[in-house]
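Have a look at the structure first, then read on.

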Amino acid sequence: MPVSDEGHQHIEHGFEPVFDQHSHVLVLGSFPSVLSRANAFYYGNPQNRFWRVMAACLGVPVPPNEGDLLARGELATLDASIAAKRAMLLNGGVALWDVIESCDIKGSSDASIKNVVPAHIERIADATPIEIVVCNGGTAGRLYKRYLQDRTGLPAIVLPSTSPANAAWRLERLVERWSEAVDWAAH
């Protein structure tokens, strides 16, 4: 991965969106974190509250993270964790992707993002009955509005980030705010 003079690396997204023909809510992040890129799946940092928030919004159990103890006494593998998270989203009618296909970034810092190549949003928008777009945090919201909103024709609801860096929002407040937007849209 090339490193620029300011410590930025040019990074490709590297993994597929989650969606099927029943997806009617599209949740967009900005760009995968270092841990998510290493795991090749969304919200890989166990401190990120995304999976807990979505499970609460959808009224289902929180899917396991890699290494979590399962009911049968086994530890969840990364593949099992990803499969459970993917199933939870699809069963709830939720598609998941990021606004950015590639960019220059320092580590996981949204504030450092530059030289954005937006995702090919039509890949989801043309294949699904998406009714609502939800952006996970202000950066995703700004980037969606700048690069993708005209291409989908759908305004986005920008919700507080589930990132652990957003310490001002406790889990309970995140669930309450996300539920206001996601609950009615997901049913």
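Glu 180 is partly exposed, with a relative accessibility of 45% (partly exposed sits between buried, under 20% relative accessible area, and exposed, over 50%, using a 1.4 Å probe and protein chains only). This is a predicted model, where local features need pLDDT of at least 70, side-chain atom pairs count only at pLDDT 80 or more, and totals for chains, interfaces and linings use all residues. Residues are numbered from 1 along each chain as its sequence is written, and side-chain values use heavy atoms, with hydrogens and water left out.

**The pair in helix H6**
- Glu 180 makes a salt bridge with Arg 177, with 3.3 Å between the closest N and O atoms (that is, a side-chain nitrogen of Lys or Arg within 4 Å of a carboxyl oxygen of Asp or Glu).
- Both residues belong to helix H6 (residues 171-185), 3 residues apart, or about one turn of the helix (helices are DSSP runs of H or I, at least four residues, numbered from the N terminus).
- Arg 177 is partly exposed too, at 27%.

- Glu 122 and Arg 151 form a salt bridge, their closest N and O atoms 2.8 Å apart.
- Glu 122 is in helix H4 (residues 122-125) and Arg 151 in helix H5 (residues 138-152), so this pair ties together parts 29 residues apart in sequence.
- Glu 122 is buried at 19%, while Arg 151 is partly exposed at 34%.

**Another pair, and the total**
- Glu 74 and Arg 72 also meet in a salt bridge, at 3.2 Å from N to O.
- Glu 74 is partly exposed at 41%, and Arg 72 is exposed at 63%.
- Searching the whole structure turns up 5 salt bridges.

How values were computed: Helices (H or I, at least four residues) and strands (E, at least two) are DSSP runs, numbered from the N terminus.
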